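Student: I would like to learn how to read confidence, sheets and pockets in a model, beginning with the general idea each time and then turning to the case at hand.

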Amino acid sequence: AIYENGYITIKKGDWKFRVEKATLIPLTFGGTVTFMVYNVLAATLATYVYGFTIEDIKLNLQTFIPSAAQTPGRMNIFEFKEYTVMIDFAHNPDGFKGIKEFLSTNDSPYKIGIITGTGDRRDDDIRSMGRISAQMFDHIIIRQDKFLRGRQAEDIVRLLVEGIQAEDPKQSYEYIPKEVDALHHAFTMAKPGAFITALSDVIDNAIDVVQSYLDKERGN
């Protein structure tokens, strides 16, 4: 499976079968998320080898909508009246780079990021997550109440801050240990047009909190 001229394509010997244009596949968010294009390539190849027809694959790619129900923790976007919230499970530098790529296509005037480290990563990996965060967010909320994996929370936070300050000593950030508290705080500081990104390691909790806010706004 190859990505050629904007199309998800199956190559078999000398034959090429164009499956669908990436911009028309919801999972790729209009073709803006490279790692989702990679995921679609893998899924397309697997299903083709399994025996599905090109038309079947195309139809399913067109109709599989990323959401908290279908793909929990994978770029779940919630549209509020005045701002947008996204929840994603990114928890390493490559994952952060993928989110950065997506956010670079978003014209929000104020991007808030809720980030956390994972204790069993190398020091430089945790610092790198801080650096990438400083590149893509206007304000960063660090939280650290899960997945310490042998480290102290303070050590992980210190490494994240080192990365943030290495990228931009003037970067705006704060530390709120609990994820739920961090989410509540992000909502209180959201300006019109803001884009809040919660890079969460506890997906169910984060989705429930965001959904509760959305339900309140809609009067449910």
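Student: What pLDDT does the protein average?

Tutor: The quantity pLDDT is the predictor's confidence in each residue, from 0 to 100. The protein averages a pLDDT of 93, and 98% of the residues score at least 70. This is a predicted model, in which local features need pLDDT of at least 70 and side-chain atom pairs count only at pLDDT 80 or more, while totals for chains, interfaces and linings use all residues. Residues are numbered from 1 along each chain as its sequence is written, and side-chain values use heavy atoms, with hydrogens and water left out.

Student: Where is confidence lowest in the protein, and where is it highest?

Tutor: Helices (H or I, at least four residues) and strands (E, at least two) are DSSP runs, numbered from the N terminus. Confidence is lowest in helix 7 (residues 203-218), with a mean of 89, and highest in strand 7 (residues 139-142), at 98.

Student: What is the order of the strands in the open sheet?

Tutor: Strands of a sheet pair through backbone hydrogen bonds, either parallel or antiparallel. Two strands are said to pair if DSSP finds at least two bridges between them. Here an open sheet of 6 strands runs in the order 4-5-9-6-7-8, with mixed pairing, and its edge strands, each pairing on one side only, are strand 4 (76-79) and strand 8 (172-175). Strand 6 (residues 111-115) and strand 9 (residues 195-199) pair in the parallel sense over 4 bridges, and Lys-111 has Phe-195 of strand 9 as its bridge partner.

Student: What is the volume of the largest pocket?

Tutor: A volume is the space filled by probe spheres set on the points, which are joined across faces, edges and corners. The largest pocket has a volume of about 210 Å³, and the second largest pocket holds about 160 Å³.

Technical notes: 1 Å grid on protein atoms, 1.4 Å probe; cavity = no way out; pocket = protein on both sides within 12 Å on 5 of 7 lines; lining within 4 Å.
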